[in-house]
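I opened this model to look up a few local features. My entries follow the sequence and structure.

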Amino acid sequence: MSQAGPPIDAALPFVILLVDDEKNIRRAMRLILEAQGHRVHEAPSAEDAARTLAEIAEPVDLVLLDLMLPGKSGLEWLTELRCDELHRELPVIVISGHASSEESAQAMKLGAADFFEKPLNRERILVSVTGALHTASLRRELVYLRRQVDSRREMLGSSPVMRRLYHEVERVAPTKANVLITGPSGTGKELVSRAIHSLSPRHTMPFVKVNCGAIPRELIESELFGHERGAFTGAESKKRGLFELAHGATLFLDEIGDMEHAAQAKLLRVLQSGELSRLGSERTLQVDVRVLAATNRDLERDVADGRFREDLFFRLNVFPIRVPTLEERADDVPLLAETFLRAFCQENGLGAKRMLPEVVTALAKRRWPGNVRELKNIVERAAILSGPEITMADLPEDPHVDPFSDDTPSTPALLPSTGRMTLREVRDRAERDHIVAVLENQEWNVSRAAAELGVERTNLHKKIRAYGIKRG
Ligand SMILES: Nc1ncnc2c1ncn2[C@@H]1O[C@H](COP(=O)(O)OP(=O)(O)OP(=O)(O)O)[C@@H](O)[C@H]1O
Ligand SMILES: [Mg+2]
């Protein structure tokens, strides 16, 4: 993202997960680590540790793992971690109650960052933890920078409202919080959701997108939650739903405001319990899915009108992000327009084209009900129509401008004899005639004519071209 703030990581303390069944050991280690400014979570077993990893909102930087645990052993869990896409690279320091060179060799083979024995020695712990965290932080920075460059390629803008947006995205991305992204059509809601995913610890997992408005009502539940064979007419084979496919990953529910009530109720249950059952099945499945939702509707109004479930709204709206309209960030228009132009010309082998400064100014002043998408379309259309330079003639007329709010003086005295003319034609004709008269009067000096007309020189040039006015 352009102009994003400093790396999120710089300000955050390290997060360490302590896995040991002995409470006293956990307490002693917690004191040592917290004194260093780290944040500590505890788990008395491998099973609890797995749950903690999946449930806490912050990414864990380091695990201290006792090998002798009730239930699943430390080595078994470490093996599982190494097979799990999300935690394959999580640094783990292994602790053992009694020396066994075989165990220690195996732990090292599984990529343990270090191995040491009880009784614990404070200095030894600190040296080992500091070393592992140093490596972890280098890796974290590298991954972060790589991803920032990726998303930077997509989200443009350095206006204050965009900076605030980047800040929010960077803060919420590493957590597991559900995010509700709102904003009018074409503002970049999908782009924001992709940026959140790519800056999250789930970035190596899929970003699964569902357009809730585009799926027929009767199919949405089976799309999201899957079905067993024969669950309904037409269900010829069993199908996994998108929630299952997004396990361990991110699910983007686009146009959530269009979801109908029955599906809303089921979605709420999944978000509350993390459990779902396929249509036609009694069996429940545990899923770990981070949900991002977007809408251009006013969901609060929909809640008030009974169109959207209030409880679901609160579940989704844990962290609301409002994407600004293009008019709120008109300063970004030149950068966006020029970037879109360059990219489009490059992709389509059109050769480099440039926009005349007056075109850029006109774009920045325009009204944009279709926001960034509309700007992109207009720039691409102009690139197709224009020669090497994009001029005012390559822009479509701004349909959103109020013809009477213009700053050109109206000149009823010069109105031509009417006949059947629309108001707009009358106005244009009068405007054209008056401009010609003033130009004549000023001996075709455009600057002086513009001054007399009370408009910018570029604006007058634009009108001269648009009306096809020529000297003589
Ligand atoms: N900040 C931005 N920088 C660069 N391109 C952007 C930005 N915001 C939006 N776009 C581009 O504008 C277009 C619309 O963006 P996107 O699809 O994310 O909007 P949306 O809010 O989801 O729209 P809708 O409500 O219609 O679904 C896309 O081509 C996207 O790449
Ligand atoms: Mg969208």
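These are my notes, entry by entry.

**Ground rules.** I am working from a predicted model, where local features need pLDDT of at least 70, side-chain atom pairs count only at pLDDT 80 or more, and totals for chains, interfaces and linings use all residues. Residues are numbered from 1 along each chain as its sequence is written, while chains are lettered from A and ligands numbered from 1 in the order in which they are written.

**Whole chain.** I counted 18 helices and 16 strands. These are DSSP runs numbered from the N terminus: helices are H or I with at least four residues, strands E with at least two. Of the 472 residues, 29% are buried. Buried takes 20 or more other C-beta atoms within 10 Å, exposed 12 or fewer, partly exposed in between, with C-beta atoms placed from the backbone.

**Ligand 1.** I found 15 residues around ligand 1, the closest being L156, G188, K189, E190 and V372. The cut-off is a C-beta atom, placed from the backbone, within 6 Å. Helices α7 and α15 (371-385) each supply at least two of the shell residues. Domain 2 (154-322) and domain 3 (327-394) each give at least three; the bounds come from an automatic or database domain assignment.

**P206.** I placed P206 in the loop between α7 (189-198) and β7 (207-211). It counts as partly exposed because it has 14 C-beta neighbours inside 10 Å. Beyond its neighbours within four places in sequence, P206 contacts A246 and A249. Contact means C-beta atoms, placed from the backbone, within 7 Å.

Most residues other than glycine have a negative phi, and most peptide bonds are trans. I noted a cis peptide bond between K118 and P119, with omega about 0°. P119 sits in the loop between β5 (114-117) and α5 (122-152). E255 has a positive phi of about 50°, in the loop between β10 (250-254) and α10 (261-273). W444 has a positive phi of about 60° and lies in the loop between α16 (423-441) and α17.

Which residues make the contact between α17 and α18? First the geometry: the axes of α17 (446-453) and α18 (457-466) come within 9 Å and cross at roughly 100°. They are therefore roughly perpendicular, a label for angles of 65 to 115 degrees. V446, S447, A449, A450 and L453 of α17 meet R457, L460 and H461 of α18.

How values were computed
Axes fitted to C-alpha atoms, helices over the stretch in contact; angles between N-to-C directions. Parallel < 35°, antiparallel > 145°, perpendicular 65-115°, else oblique. Contact = placed C-beta atoms within 7 Å.
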